[in-house]
Amino acid sequence: MSFASSLIISPNVEISPSIFGFLDSVRDGSQILDSSRFFSRNRVANLMNKKQKRVNHSHSTELKYPILCQGGYGSVIAASMVANPAGEMAVSAEEKVYNVVLKQAALVKRQLRTAGELDVKPDIVLPGTLSLLNEAYDRCGEVCAEYAKTFSLGTMLMTPERQKAIWAIYVWCRRTDELVDGPNASHITPSALDRWEARLEDLFQGRPFDMLDAALADTVTKFPVDIQPFKDMIEGMRMDLRKSKYKNFDELYLYCYYVAGTVGLMSVPVMGVAPDSQASTESVYNAALALGIANQLTNILRDVGEDARRGRIYLPQDELAQAGLSDEDIFAGRVTDKWRNFMKNQIKRARLFFDEAEKGVLELNKASRWPVWASLLLYRQILDEIEANDYNNFTKRAYVSKAKKLLALPMAYARSLLSP
Ligand SMILES: CC(C)=CCC/C(C)=C/CC/C(C)=C/CC/C(C)=C/[C@@H]1[C@@H](COP(=O)(O)OP(=O)(O)O)[C@]1(C)CC/C=C(\C)CC/C=C(\C)CCC=C(C)C
Ligand SMILES: [Mn+2]
């Protein structure tokens with residue numbers, strides 16, 4: 001893909017010709033972040049009150065915990081509060097993420113009310129900007145088609161406004177991921193991520209840095225999209241820079257929320273909930289979060305060997321130990337019965353998150369369901385492929401064949417016609 005020329009839309013705003021233009025400006029000194037700020041620690045009583053309130057609040061708040069405790073997973077998936085070595089109770093990742101979900105749902109509800117139930121605001125056209133904006137969105141569409149063809153095809157039924165907005169969000173996420181995962185990843189430092197975050201804040205204030213940012217800046221004026229999930233995704237990238245192992249599922253869950261659950265929270269305000277849906281906004285957000293977590297867990301299970309070769313183990317250390325496995329086994333890539341059993345449980349857990357997500361897709365606007373089903377069906381099949389490879393995810397990459405990918409599209413389409 002080549003983006004030929006650099007454009008200037010105002011004396012201060014340069015539009016970079018490359019989707020990864022930002023990378024050219026990030027080679028600098030590093031700054032170590034304090035990891036302790038990830039877990040805010042509260043007093044027990046405080047937490048107990050909060051938890052009690054949540055349980056009493058509505059049926060939607062019960063969604064997550066029963067699911068997480070199903071099928072013997074109560075002990076594997078994190079409890080909502082954990083004691084730190086000093087005996088204080090700390091907020092678990094699940095609790096922390098759930099609070100973001102509630103906040104996002106409340107924000108959307110409030111904004112929809114004030115906008116008179118309109119979820120798409122009209123264009124504010126300044127002379128000369130509209131064609132540039134269209135060009136920016138077109139480029140987002142091209143990037144999307146290049147990196148995620150099936151998903152991009154799946155957006156075809158969405159209204160043009162929604163489709164463009166999803167493209168813009170996709171491109172911002174892809175660029176963010178590329179910072180730590182792309183060819184220039186070794187040059188990325190925490191302070192580079194700080195600058196990426198400052199740029200995000202600017203675009204939310206209507207001051208985009210380049211053309212692709214301009215598309216997102218426009219999107220966030222039209223849809224009730226909040227900055228928090230975007231900031232959280234950057235936090236996930238920081239986590240990736242400083243961590244190469246995860247003590248338990250609670251830590252991994254937080255990481256999965258940061259890098260993928262956030263995508264669900266960014267997308268729902270654009271995709272919209274079906275007007276006749278009886279579901280609570282919170283439960284739809286919860287399902288969106290679950291799809292992100294499911295996708296990321298699957299991604300991790302698929303890439304165990306590849307990650308190990310980069311010195312990374314995303315699998316929870318305590319669960320590995322319980323299964324009688326060591327880091328050494330992972331680095332050596334030993335496919336043993338212990339490994340197969342361990343993998344069976346990990347796959348089972350990822351599927352629980354997919355099941356949770358399925359309930360929410362039905363509640364989305366009909367025209368938005370297709371790409372979501374496509375993403376869900378395709379990603380879930382990766383788990384089947386890991387099984388088909390007899391759990392050798394060290395040297396065999398589990399991938400969904402082109403034929404199966406093509407078949408997923410009509411299947412996803414058929415599902416998108418189903419009502420709750
Ligand atoms: C309709 C739809 C699917 C919309 C989402 C589109 C969108 C904005 C995607 C952004 C994806 C992205 C680039 C995220 C950056 C971080 C990242 C790479 C996460 C991993 C994605 C897979 O990418 P890939 O296989 O290319 O991974 P590698 O970089 O090669 O390792 C993730 C595994 C996570 C992606 C998460 C989602 C697609 C979540 C989608 C959830 C929803 C759209 C919510 C749906 C709503 C309900 C109610 C279920
Ligand atoms: Mn990646």
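I began with tyrosine 391, which counts as buried because it has 23 C-beta neighbours inside 10 Å. I use buried for 20 or more other C-beta atoms within 10 Å of a residue's own, exposed for 12 or fewer, and partly exposed for anything in between, with C-beta atoms placed from the backbone.

Before going on, I noted that this is a predicted model, in which local features need pLDDT of at least 70 and side-chain atom pairs count only at pLDDT 80 or more, while totals for chains, interfaces and linings use all residues. Residues are numbered from 1 along each chain as its sequence is written, and chains are lettered from A and ligands numbered from 1 in the order in which they are written.

I located tyrosine 391 in the loop between H16 and H17. Helices here are DSSP runs (H or I, at least four residues), numbered from the N terminus. Tyrosine 391 is not a glycine, yet its phi is positive, about 65 degrees. I then looked up aspartate 390, which is in the loop between H16 and helix H17 (402-416). Its phi is also positive, near 55 degrees, in a residue other than glycine. Aspartate 390 is exposed because 11 other C-beta atoms lie within 10 Å.

**Ligand 1.** I listed 29 residues around ligand 1, and Cys173, Ala260, Gly264, Ala288 and Gly360 come nearest. A residue is counted here if its C-beta atom, placed from the backbone, lies within 6 Å of the molecule. By class I recorded 18 nonpolar, eight polar and three charged residues in this shell. Nonpolar means Ala, Val, Leu, Ile, Met, Phe, Trp, Tyr, Cys and Pro; charged means Asp, Glu, Lys and Arg; the others, Gly among them, are polar.

**Helix H11.** Which element gives the most to the shell around ligand 1? I found that H11 does, with eight residues. H11 is mostly covered, with 21 of its 22 residues buried.

**The core.** I looked up the largest nonpolar core and found 103 residues, with Cys140, Ala168, Ile169 and Ile293 having the most contacts inside it. Such a core is a set of buried Ala, Val, Leu, Ile, Met, Phe, Trp, Tyr and Cys residues joined through C-beta atoms within 7 Å. Isoleucine 293, leaving aside neighbours within four places in sequence, is in contact with Tyr253, Cys256, Tyr257, Ala260, Gly261 and Phe353. Contact means that two C-beta atoms, placed from the backbone, lie within 7 Å.

How values were computed
Helix = DSSP H or I, 4+ residues; strand = E, 2+ residues; numbered from the N terminus.
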